[in-house]
Amino acid sequence: MVSYKELGLVNTRDMFAKAIRGGYAIPAFNFNNMEQLQAIIKAAAETKSPVILQVSKGARNYANATLLRYMAQGAVEYAKELGWEKPQIVLHLDHGDSFELCKDCVDLGFSSVMIDGSALHYEENIALSKKVADYAHQYDVTVEAELGVLAGVEDEVQAEESHYTRPEEVIDFSKRTGCDSLAISIGTSHGAYKFKPEQCTRDPKTGRLVPPPLAFDVLDAIMEQLPGFPIVLHGSSSVPQEYVDMINQYGGKLPDAVGIPEDQLRKAAKSAVCKINIDSDSRLAFTAAVRKVFVEKPGEFDPRKYCGPARDLMTELYKHKIINVLGSDNKA
Ligand code: G3H
Ligand code: 13P
Ligand code: ZN
């Protein structure tokens, strides 16, 4: 059993309370490899932004759970080396799908876990989320639970259509589970294809897809039921069209990839939405930079020569999100 406190990590409690009071949101960036982690920490340190490092079940399988935990511990030290005296870094399990997985992460030194019972029946979701919260709280680890279903792929949970969170359920759910934050469904979804072209309109000038707005009325109704309660938005990548264009220009194929417009996320960040999850945008930046090097320098075979530019582009992306979208700069 390792306590996250020994690793220099923090849980989300104070971070979320401050974010709600201050009208900004904490970035929750997924990582699977060293370059992503370096870029996240550099961006957070240079902007003095609190940050949540997210590890999915897939990331644990890809990179090894123990190694990821030590990488997060190393990230705290790296942040200090970059001049960030008291780094505000959370290590969070993203989309935990069982009590055992959540417990394993708590025992390994995570400071926050998500239990995603959103595909279960309401009462089963409550029972599982409560079991995780009861265990995690013994170690002062904070717990995110989810109510409502996002469209797209939630790790191995497939949801064809989204089912918005029902505001009439949120008080009962949060009280009975004891969760510290609530992930909701208001129209975001995972991946780089958040909307089908038929759900969008087209900008006549650019020909680009314009997605439908998020259901802010549902968010408002949830906030009315749970004033000041921390709300989480998953599936919040914007799918920057410059990266999609770069990928397509350098031999990729991402037709009609579309995300959540940044003005909608800016609006959400000012509300009780205090954690915004971004993964796909980082994947797009990484892929765009690597593809460019492969096409422009076909003789290159040193991974540092293409992972380095990928890391630089991701750092730029993370800083942009922190400063221009979430407003979490200079809050740590
Ligand atoms: O919400 C899902 C995250 O983007 C993690 O995705 O399961 O492919 O690591 P992953
Ligand atoms: P995106 O696919 O929009 O980046 O969402 C990531 C996410 O919600 C991770 O839990
Ligand atoms: Zn998610």
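Figure 1. Histidine 234 is buried, because 27 other C-beta atoms lie within 10 Å. (A residue is buried if 20 or more other C-beta atoms lie within 10 Å of its own, exposed if 12 or fewer, and partly exposed in between; C-beta atoms are placed from the backbone.) This is a predicted model: local features need pLDDT of at least 70, side-chain atom pairs count only at pLDDT 80 or more, and totals for chains, interfaces and linings use all residues. Residues are numbered from 1 along each chain as its sequence is written, while chains are lettered from A and ligands numbered from 1 in the order in which they are written. Histidine 234 sits in the loop between β11 (231-233) and α9 (241-249). (Helices, H or I of at least four residues, and strands, E of at least two, are DSSP runs numbered from the N terminus.) Which residues does histidine 234 touch, not counting residues up to four places away in sequence? They are Leu150, Ala183, Thr188, His190 and Asn277. (Two residues are in contact if their C-beta atoms, placed from the backbone, lie within 7 Å.) Histidine 190 is 44 residues from histidine 234 in sequence, and the two are 7.2 Å apart in space, C-alpha to C-alpha.

**Figure 2. Helix α7 and its buried face.** Helix α7 covers residues 170-177. Its buried residues are Val170, Phe173, Ser174 and Thr177. Seen down the axis of α7, these fall within an arc of 90°, so they line one face of the helix. (The arc is that of the directions from the helix axis to the C-beta atoms.) What covers the buried residues of α7? The cover includes α6 (122-137), β5 (142-147), β8 (181-184) and α8 (216-225). Glycine 178 follows α7, and its phi is positive, near 75°.

**Figure 3. Helices α11 and α12 packed together.** Helix α11 (residues 280-296) packs on helix α12 (residues 303-326) at an angle of about 145°. Their axes are 8 Å apart. (Axes are lines fitted to C-alpha atoms, for helices over the stretch in contact, and angles run from 0 to 180 degrees between N-to-C directions.) From α11, the residues that meet α12 include Ala285, Phe286, Val290 and Phe294. Among those they meet in α12 are Tyr306, Leu313, Met314 and Leu317. By class, the contact has 13 nonpolar, one polar and two charged residues. (Ala, Val, Leu, Ile, Met, Phe, Trp, Tyr, Cys and Pro count as nonpolar, Asp, Glu, Lys and Arg as charged, and the others, Gly among them, as polar.)

**Figure 4. Aspartate 281 in helix α11.** Is aspartate 281 buried or exposed? Aspartate 281 counts as buried, because it has 22 C-beta neighbours inside 10 Å. This residue lies in helix α11. Leaving aside neighbours within four places in sequence, aspartate 281 is in contact with Ser237, Ser238, Val239, Pro240 and Leu317.

**Figure 5. Two aspartates with positive phi.** Most residues other than glycine have a negative phi. Aspartate 140 has a positive phi of about 60° although it is not a glycine. It is found in the loop between α6 and β5. Aspartate 140 is partly exposed, with 14 other C-beta atoms within 10 Å. Aspartate 256 also has a positive phi of about 60° and is not a glycine. Its place is the loop between α9 and α10 (262-269). With 13 C-beta neighbours inside 10 Å, aspartate 256 counts as partly exposed.

Definitions and conventions: Arc of directions from axis to C-beta.
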